[in-house]
Each structure stands twice: as structure tokens, then as C-alpha cells.
Amino acid sequence: SAFGCRDTATKVMSAFFDKPIADFNVNPTSLCQGADNNFTDLSTAPNSTVSAWNWNFGDGSNATIKNPTKRYTNAGIYDVKLTVGNAVGCLSDVVTKQVTVYLQPVIDAGPSFVVPQGTIVQLKPTANDSTVVSFTWSPSINLSNSNTLRPLVNAVSDQTYTLTANGPGGCTATDKASVKILKPVKPPNVFSPNGDGINDKWMISNLSDYPGAFVEIFNRYGQRIFYSAGYNDPWDGTLSGKPLPVATYYYVITLKNSFEPLTGSVTIIR
């Protein structure tokens, strides 16, 4: 003390612990957005046991369990850090490993089309990226360019197209769009309902492709003698079951689908 008084004490230090060693495994080390990383603790604690874990996933999130599962929201390269502690509070050095998260393409092939045969239409897909992601349409038939996002289609036949988006790291996505054509409706201008089994009914080619169409037929006085919503039962040249006379009749075919009505004449011969 300040007055020269002295005393001593002795204690034996016998409980020494080595610092724990942090280590871990991550599976997979690279993946697409929307998939999970599984982290497995491989840490050791000589002279003790590992009892505390502090994970830093590099995106502002953390975990304190032994073997966490993590799903990253955004693409990027992340430094994952782990610090562990043993039962007596000793902390390890930080161990760091990297995780690479690749952009997951998200696509919508866009609307399907119903158009007249020979129409040029443009497919209208959407995608969450068009810089690092490449696109392929299949089949390539009637497409202006099968490797662009929005090709033109020459609609000459019914076709379903599959859009495939390929991103870095093997991340892919697919979706489909279809093009249905409406072939020209060609009403014949004459038929012969005479019971010989040949041209006994007024058969209209391709009209079945136009659901909701209706057909009206008038005589020369403007009286409607036939009406059909759809055309499942073609006109047989009768009115109320009785044969109509040989003459010229007039039709109006309403196709809907924004098409102008078809008008013209048809003659019954026997």
C-alpha cells in the first residue's frame, strides 16, 4: 500500500481451452434464384464442444442454428461467414466461403392468337431480363427469327410454340403460346338437293372453325327461310321440311371474331 504494507496471494491456473476452429460445407456452392443452399457445420472445439454458431450470409441476414438452410432473393456472389463459440465462451476466427446465385429467368410466352390464315402476327412474351438471358422458340417454322424474344409469325397453320429462356449457370424457364388460324369461308354458289347423295346439302367449307357464327338465307322477297346458330346441320334446300323451288337465294353469314359478314347468292338446281 502507500504505507509500505505488503501481502501476496497465489492461485494455480489449470483450466486452459484451445480456441474452437470454425468450418462448414455449403451445398450447392452455385445455384439459381429460388433454390435453397444447405449449410453444414464442420467446426471443432478441442478440449470442449461447439455450442454457439453465428452465420452471416452476406445479404444482411443471419442465423444462429447449427445447420441452416438459406434461400437468396437476388442474384449475386455472397461471402458467407461463420464464427463459432465453445462451451466456455471462447470464439473462433471467422471462416468465409462464397456462394454464387444466378439469375432465374422468369418468362410468360404471352397471349395466344386466333387469326385469319396468312396473317402476320408478333408474339408478345415478357421476361424479367433480356440482357444476360437468351431466348429460343421451337419449332422455328414460320418464325422470322427463332432466337429473338418477340419474333413475327406467318400464320399459315395451327401451331403451338415453346419459348425457352437460358440464363447463366444453366438456369432455364419455358412457356408456351399458340397460334390458331381461321381458314377462309367459301360458300358454294350452287347445290342440288335432289336426293342422289351428291351435293344434297349446302356445305360451307371451314365454317366449323368459327364458333358462334350464324347463317341466314333469304328468298328474293327478303323473307328469311333458313337460320342456324352454328352450322352443325347444313341447309338441305327445304323450308319446314318441304323442298323449295329451283331459284336463287341470298345468304348472310355472320362470323363474329371482328370479321365482316359474308353475303352472296346460292342457287338450287335439280
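**View 1. Strand 13 pairs with strand 15 (residues 159-166).** The two run antiparallel and are joined by five bridges. Strands are DSSP runs of E, at least two residues long, numbered from the N terminus. Two strands count as paired if DSSP finds at least two bridges between them. Threonine 136 stands opposite threonine 164 in strand 15. The model is predicted: local features need pLDDT of at least 70, side-chain atom pairs count only at pLDDT 80 or more, and totals for chains, interfaces and linings use all residues. Residues are numbered from 1 along each chain as its sequence is written, and side-chain values use heavy atoms, without hydrogens and water.

**View 2. Strand 4 (residues 50-56) meets strand 7 (residues 76-86).** Six bridges join this antiparallel pair. Asparagine 54 stands opposite threonine 83 in strand 7.

**View 3. The whole protein has zero helices and 23 strands.** Helices would be DSSP runs of H or I, at least four residues long. The C-alpha atoms fill a box of roughly 145 × 40 × 35 Å along the principal axes.
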